[in-house]
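This briefing is intended to be read alongside the sequence and the coordinates. Please have both at hand before turning to the topics below.

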Amino acid sequence: MTCDAPAPAGPKSPPPAEPAWRSYGGRRRATRALRVRVSAAVLAVTVLAVLLVPPLVRLDQQAVELADKLLPPSLAHPFGTDDVGRDLLLRCVHGLRVSLLVGLAAALTATVIGTAVGALAGALGGWADRAVMRVVDTLSSVPHLLLGIFVVAMFRPGVWPVVASVAVTHWLSTARIVRAEVLSLRSRPFVDAAVSGGATRWRVTVRHLLPAVLPQAALAAVLMVPHAMWHESALSFLGLGLPTHTASLGTLIQGARGSLLAGQWWPTLFPGLFIILPTLAIAGLAGAWRERINPRRRSELML
């Protein structure tokens, strides 16, 4: 009795290839993680510079040294000096401190106003909702910069008129976002259950609707900070925001116009970078936050 010889083993088949959409999703996740790390690092360096440099560096950022005016970047002055010999690095840090203060205060004020107006319009509904949104649409039709110039022109130059100008012109988008969220939440079962249990409209708004829209409102506030910084810089560049002796990023760029025309690039470049880099860092972190609070968008990006 004979047995058949085993068949020779053929070449091993290659493992199944990973689906293209899965590998693409892995690259997207890696890119997103890198973006978050870089944004967090840039923002951390910015905050540390704003908090630590002014109290640790015992130098007067307003000290005038005409013998050192318009020096290019060097070891003694990493960012160079301006047209009256002041150190640009120290001036940029102080300017960023003022611009961040204006941005944070304006964003917080605008978010509180927008959240209150949007929640009120969405909770009341009917004619009240239509009336409030027509006011929002009317104000939105006026350019922000033009309305901001009108508000600032009524006061003396200073920090708080700029904060009021930015807050008055930037609460409209937050009101729209909050109203849309409230209208979406009103049809949820937990709201119907609260109304059926005898809860008043005020109680439903305060206990159920407002806590649900706070993440969206907080995200809008974070995204509004760099926008408020740019708005303050534009007003200061036009000479309508902060006083010229106050170091803000807008006043630094405004004071460097003559130097740029004469060929000295550093008095304009470095204050501009101090606006752009924090803006990109905040936008990167806010994008990651948006993906976390929006599960549908997050699932689409995971593919």
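Why does I276 count as partly exposed? The relative accessibility of I276 is 37%, and because buried means under 20% and exposed means over 50%, this value falls in the class in between. The model discussed here is predicted. Its protein chain contains twelve helices and zero strands, and 39% of its 303 residues count as buried.

**Overall architecture**

- Along the sequence, the chain reads α-α-α-α-α-α-α-α-α-α-α-α.
- Among contacts with a separation of 6 or more in the protein chain, 71% are between residues 24 or more positions apart.
- The protein chain has an accessible surface of about 17500 Å². Carbon and sulfur atoms account for 68% of that surface.

**Nonpolar surface patch**

- A nonpolar patch on the surface is formed by W230, L260, W265, L269, L273, I276, L277 and L280.
- Together, these residues have about 750 Å² of accessible area.
- Helix α11, spanning residues 266–293, gives the most to the patch, with five residues.
- I276, the residue of the opening question, has its place in helix α11 and is a member of the patch.

**Nonpolar cores**

- The largest nonpolar core has 26 residues, and those touching the most other members are F79, C92, L96, W171, M229, L249 and F274.
- At least two residues of this core come from each of α2, α3 (126–140), α6 (172–185), α8 (201–237), α9 (249–255) and α11.
- Helix α2 supplies the largest share of this core, namely seven residues.
- A second, separate core consists of twelve residues, including A194, A199, V213 and A217.
- Within the largest core, C92 is one of the residues that touch the most other members. With neighbours within four places in sequence left aside, C92 is in contact with F79, L249, L252, F270, P271 and F274.

**The loop between α1 and α2**

- L70 is found in the loop between α1 (20–56) and α2 (88–124).
- The phi angle of L70 is near 55°, which is a positive value in a residue other than glycine.
- L70 is partly exposed because its relative accessible area is 22%.
- H77 has its place in the loop between α1 and α2 as well. With a relative accessible area of 18%, H77 is buried, since the cut-off for that class is under 20%.
- The side chains of H77 and D87 are joined by a polar contact of 2.7 Å.
- Residues up to four places away in sequence not being counted, H77 touches L71, P72 and D87. D87 is therefore listed among the residues touched by H77, and buried H77 has a relative accessible area of 18%.

**T169 in helix α5**

- T169 lies in helix α5, which covers residues 159–170.
- A relative accessible area of 1% is the reason that T169 is classed as buried.
- Apart from neighbours within four places in sequence, T169 is in contact with H144, L147, G148 and H231.

- P54 is found in helix α1 and counts as buried because its relative accessibility is 13%.
- P54 and R97 are 43 residues apart along the chain, and their C-alpha atoms are separated by 9.2 Å.
- R97 is also one of the residues that P54 touches, the others being A49, V93 and H94, when residues up to four places away in sequence are not counted.
- A218 has its place in helix α8. A218 is partly exposed because its relative accessible area is 30%.
- A218 and A107 are 111 residues apart in sequence, with 9.8 Å between them in space, C-alpha to C-alpha.

Conventions:
Residues are numbered from 1 along each chain as its sequence is written. This is a predicted model: local features need pLDDT of at least 70, side-chain atom pairs count only at pLDDT 80 or more; totals for chains, interfaces and linings use all residues. Side-chain values use heavy atoms; hydrogens and water are left out. Patches are made of residues with over 30% relative accessible area and no salt bridge: like charges are joined within 9 Å, nonpolar side chains (Val, Leu, Ile, Met, Phe, Trp, Tyr) within 5 Å. Accessible areas come from the Shrake-Rupley method with a 1.4 Å probe; for residues, only the protein chains shown count as cover. A salt bridge is a side-chain nitrogen of Lys or Arg within 4 Å of a carboxyl oxygen of Asp or Glu. Helices (H or I, at least four residues) and strands (E, at least two) are DSSP runs, numbered from the N terminus. Buried means under 20% relative accessible area, exposed over 50%, partly exposed in between (1.4 Å probe, protein chains only). A nonpolar core is a set of buried Ala, Val, Leu, Ile, Met, Phe, Trp, Tyr and Cys residues joined through side-chain atoms within 4.5 Å. Contact means heavy atoms within 4.5 Å. A polar contact is a pair of N or O atoms within 3.5 Å; within protein, one must be able to donate a hydrogen and the other to accept it, and residues adjacent in sequence count only if both atoms are side-chain atoms.
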